[in-house]
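Here are my notes for someone opening this one up for the first time. Have a look at the sequence and the model, then read on.

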Amino acid sequence: MAILHLTEQDFDTEIANAAVPVLVDFWATWCGPCKMLAPVLEQIDQALAGGAKICKVDVDQQPALAARFGIMSIPTLLFFRDGKQTDKMVGVHSKDDILAALK
């Protein structure tokens, strides 16, 4: 499953209609730690092969979404299950920590 880039228009639909856990990475192109985290998220997406939905929100292009979720630092990872937020991680985390939060 490919990583989805969400906008304000499709965010709620993609989260609410997900049959699997969802991870949303709030990031920006200029963010060094975000660039460090990107390959880890790619590995997770490949490892779970549809067992979770991995999404990204560019805070510069989607400031209303960042404000809605109170994103103050990036990268910030939000975890959703059944349309409800279940967890939050700020900063760069290991693949194992992220996988544990998705379980």
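1. First, the ground rules. This is a predicted model, so to speak a computed one throughout: local features need pLDDT of at least 70, side-chain atom pairs count only at pLDDT 80 or more, and totals for chains, interfaces and linings use all residues. Residues are numbered from 1 along each chain as its sequence is written, and side-chain values use heavy atoms, with hydrogens and water left out.

2. The fold has four helices and five strands. Read from the N terminus, the order is β-α-β-α-β-α-β-β-α. Helices here are DSSP runs of H or I with at least four residues, strands are runs of E with at least two, and both are numbered from the N terminus.

3. On overall size, the C-alpha atoms fill a box of roughly 30 × 30 × 20 Å along the principal axes. Of the 103 residues, 44% count as buried, meaning under 20% relative accessible area with a 1.4 Å probe, protein chains only.

4. Which residues make the contacts? Among contacts with a separation of 6 or more, 67% come from residues 24 or more positions apart; a contact means heavy atoms within 4.5 Å.

5. Charges: there are 9 positive and 13 negative side chains, and the centres of the two sets lie 4 Å apart. Lys and Arg count as positive, Asp and Glu as negative, while His and the chain ends are not counted. Each charge is placed at NZ of Lys, CZ of Arg, CG of Asp or CD of Glu.

6. Now the cysteines. The structure holds one disulfide, a pair of cysteine sulfur atoms within 2.5 Å. Cys31 and Cys34 form it, with their sulfur atoms 2.4 Å apart. The torsion about their S-S bond is about 75°, so the disulfide is right-handed. Cys31 is buried at 3% relative accessibility, and Cys34 is buried at 3% too. Cys55 is in no disulfide; the nearest cysteine sulfur, that of Cys34, is 16 Å away. Cys55 also counts as buried, at 0% relative accessibility.

7. Finally, is Leu37 buried or exposed? With 0% relative accessibility, Leu37 is buried. Leu37 sits in helix α2 (residues 32-48). Leaving out residues up to four places away in sequence, Leu37 touches Asp25, Pro75, Leu77, Val92, His93 and Ile98. Leu37 and His93 are 56 residues apart along the chain, yet their C-alpha atoms are separated by 7.6 Å.

Key
Buried < 20%, exposed > 50% of the residue type's maximum accessible area, 1.4 Å probe, protein only.
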